[in-house]
Amino acid sequence: MRILIYGIHFHPEPIGIGKYTGEMADWLAGRGHEVRVVTAPPFYPHWRAFPGHCVWKYSRERFQLQNGNGTKCDSQQVRGPDVEIFRCPTWVPHSPNGTKRLFHLASFGLSSVPSIVRQVGWSPDIVLLIEPTLFCALQTLLVARWSGAKAWLHIQDFEVDAAFGLGYFSSSRVRNLAFALERRLLSLFDRVSAISDRMVDRLSAKGVDPSRSALFPNWVDTNEIIPLSEPSLFRKELGISESTVVALYSGSMGKKQGLDLLVEAARKLSRCSDLRFVFCGEGPCRQTLVDNAKDLPNVSLLQVQPVARLNDLLNLADIHLLPQLSDAADLVMPSKLTGMMASGRAIVATAHPGTQLFGALEGRGIVTPPGDVDALVSSLLRLAEEPCLREQLGQEARRYAVSQLNRDEILHCFERSILNACGISSSDAGIGAFERRKGKLAIEESAVAVGNTGDD
């Protein structure tokens, strides 16, 4: 197949949406599909251009398989064509707030129009838009229709819900208009997927027919992220003894993470000498966290680490920390959760009962109410004092990661879904994976021949 991926985040961004989109493109190319990506220059989570990239220029490059992106081909994959990347100018604010973030997303939506429209001549079979951002929805739909492709929207974040839920905007008139526009756009896509069951349920509430919706969760390579039997090298580098219990937060440092709660907990536990907090990451709220924690003797700070050191970093933790604001529950599913679970360490998260995060960690971690620092402190003390409980919860989390979050199984399922959406049987697709097809007619005739034309 020819798969056109459209989204603001992509490799080499080391965490979040860019990480998953890069791994997906790599995996699909490894299966023999032709993949192109229209994206922005990499900027996340630092909110500035990566070395060797410029946010004000168009550029074109190739994405080499297994070239430092942390993914490997499984036994059924073969060398396919490289991924072609088209990067578009994007305004990147250093301190993104609601209005700045809106202009940031809109700048990519506008600047990417020439690059995405140009792909009509490539004749993709499917155009896959990654949300955020819906500023690219109209372009996606037009390119799909003009090229005879299917339009697929994959939602990593419900950006409209999050914008109002996190207080970026408050006008009821703007809110109603935004939700009406979102509902209309969702109705025009051939398929809409999301990364958790609750997010898929939310699609129904937004008017997406269940026959057009799908679950496409984030994943983890459980062969790369594994529990270590020996102490992490980070302990020695940070001067942390083996007997000290480490509570680690690693990931984006933004508003929806609710990191103030962790600083409060560290302050309340500052006299607990056998418990240390480590905060690792980047984002618009990092400096605030640094300023608030600078007088705490039980806090260490790390920058975002290279992918090659991710397993060591995750194994630094005795306890993983996963805070979340109450209003962000079920609007986003923390992508960092997959690595936490695969590392086989205990997890303490904040979420309300009935949310997706609460369900995922039930029996595999401890969940406290959002914003309740006393409940968080109590859970941390309990885990610090009960190593057997930490081990039990970590083992259960690891089992769940291996059985439910395995990268290859999830991406194989997604591959079957996009083949089905295009009316191609998975058995027929492998016959000519590397053959360049001559026009869309060949696809249509093949679909008719196998008697599988999807939902149309």
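Student: Which hand does the crossing of H9 and H14 have?
Tutor: Keep in mind that this is a predicted model. H9 spans residues 260-268 and H14 spans residues 373-385. The crossing of these two helices is right-handed.

Student: Which residues of H14 make the contact?
Tutor: From H9 come Leu261, Leu262, Glu264, Ala265 and Lys268. Taken together, the residues of this contact include six nonpolar, no polar and three charged. The H14 side consists of Val373, Asp374, Leu376 and Val377.

Student: How are H9 and H14 oriented to each other?
Tutor: Their axes come within 9 Å. They cross at roughly 60°. Angles from 65 to 115 degrees would count as roughly perpendicular. H9 and H14 are therefore oblique.

Student: How are H1 and H16 oriented to each other?
Tutor: H1 covers residues 17-30, and H16 covers residues 407-421. Their axes lie 11 Å apart, at an angle of about 70°. The range for roughly perpendicular is 65 to 115 degrees. H1 and H16 are therefore roughly perpendicular.

Student: Which residues of H1 meet H16?
Tutor: H1 passes H16 in a right-handed crossing. On the H16 side are Arg407, Asp408, Leu411, His412, Phe414, Glu415 and Ile418. The H1 side has Met24, Trp27 and Leu28.

Student: How many residues does the largest nonpolar core have?
Tutor: Leu337 is among those with the most contacts inside this core. Beyond its neighbours within four places in sequence, Leu337 touches Leu322, Ile347, Leu357, Ala360 and Leu361. Another core, of 32 residues, lies apart and includes Val377. The largest core has 60 residues.

Technical notes: Residues numbered from 1 in each chain as written. Predicted model: local features only at pLDDT ≥ 70, side-chain atom pairs only at ≥ 80, totals over all residues. Heavy atoms only, no water. Axes fitted to C-alpha atoms, helices over the stretch in contact; angles between N-to-C directions. Helix = DSSP H or I, 4+ residues; strand = E, 2+ residues; numbered from the N terminus. Parallel < 35°, antiparallel > 145°, perpendicular 65-115°, else oblique. Left-handed = near helix turned anticlockwise from the far one by under 90°. Contact = heavy atoms within 4.5 Å. Nonpolar A, V, L, I, M, F, W, Y, C, P; charged D, E, K, R; others polar. Core = buried A, V, L, I, M, F, W, Y, C linked by side-chain atoms within 4.5 Å. Buried < 20%, exposed > 50% of the residue type's maximum accessible area, 1.4 Å probe, protein only.
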